[in-house]
Amino acid sequence: GTLQSHRAAALQLILALVTKKVVVSEVYDAMDAIADLAITSLEKSDRTKCAKAFVGFIVAYPLGKKRKTHYLGKALAGLDYAYEEGRTAALELVMSVARALPQAELDARSDAFFSALAQRLANEDVGSVRLAAGRTLTALLRKLSDERRAACRGRVASWLREAAKEERLERFAEAEKVARLRVCGSACGAAFARMGDAALCPDIIKALAASSDDDAGRAGLLKA
């Protein structure tokens, strides 16, 4: 229809401006909507065009640290989108941005990327999206410097050690927190294992043993 054709024309124009690195205020103004459409549009072609424009904008346009953090936050927030197709699109967008960022900048922002992907991996109920989240997290870890990858590994190890503590938890809220740490840590540990990094495997096994009296916790671990 007419609305769809107008949107397609607008997307094509923004994509052309970003590709040619033409800096105009209208592109900045449109980019919040572009980030949303890259995740929420029902048309795959629109999602693809918006994602390409967004990544090009993030990499090529003059952006202060605060402004860039805002736009990257839009992409990471999409990982919690209500519909699985949108979450899958968000994973693809986040990985495209991570691949495009210079190494030093990705390392500087690695905590935000890692935390968002780890949370998605731990909370995802749809099998295909969980697999995509695991692949995306592994790809991110491969792209990080050795120093930042080691820092992420340390965070996962601390989650697993916390989850493997043997003392009984009297309050449900604490038990629920430990269960989440267990699943999140194990899922992230599996991402390291897919890289051939088995350093976390003993901690995963201890966490699995700690959930032996918790069928739900064990199922969550095995699923991860």
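**Exercise 1. Characterise the contacts, fold and surface of this predicted model.**

*Solution.* Among contacts between residues at least 6 apart in sequence, 68% join residues at least 24 apart. The model under study is predicted.

Step 1 concerns secondary structure. The protein contains 12 helices and zero strands. Its pattern along the sequence is accordingly written α-α-α-α-α-α-α-α-α-α-α-α.

Step 2 concerns burial and surface. Of the 224 residues in the protein, 43% are buried.

**Exercise 2. Determine where the salt-bridge partners D36 and K74 lie in the chain, and classify the accessibility of each.**

*Solution.* The structure holds 11 salt bridges, and one of the pairs is formed by the side chains of D36 and K74, with an N to O distance of 3.2 Å.

Step 2 locates the partners. D36 belongs to helix α2 (residues 25–40) and K74 to helix α4 (residues 65–77).

Step 3 classifies the accessibility.

**Exercise 3. Which residues are linked with D80 in a network of salt bridges?**

*Solution.* D80 forms a salt bridge with R120, and the closest N and O atoms are 2.9 Å apart. D80 is in the loop between α4 and α5 (84–100), whereas R120 is in helix α7 (residues 110–123). These two residues are 40 apart and link distant parts of the chain.

Step 2 assigns R120 to a class. Buried means under 20% relative accessible area; R120 has a relative accessibility of 8%, so R120 counts as buried.

Step 3 turns to a further pair. The side chains of R87 and E124 form a salt bridge at 2.7 Å, N to O. R87 lies in helix α5, and E124 lies in the loop between α7 and α8 (127–143). The separation is 37 residues, and this pair also links distant parts of the chain. R87 and E124 are both buried.

The network of salt bridges links D80, R87, R120 and E124.

Technical notes. Residues are numbered from 1 along each chain as its sequence is written. This is a predicted model: local features need pLDDT of at least 70, side-chain atom pairs count only at pLDDT 80 or more; totals for chains, interfaces and linings use all residues. Side-chain values use heavy atoms; hydrogens and water are left out. Helices (H or I, at least four residues) and strands (E, at least two) are DSSP runs, numbered from the N terminus. Buried means under 20% relative accessible area, exposed over 50%, partly exposed in between (1.4 Å probe, protein chains only). Contact means heavy atoms within 4.5 Å. A salt bridge is a side-chain nitrogen of Lys or Arg within 4 Å of a carboxyl oxygen of Asp or Glu.
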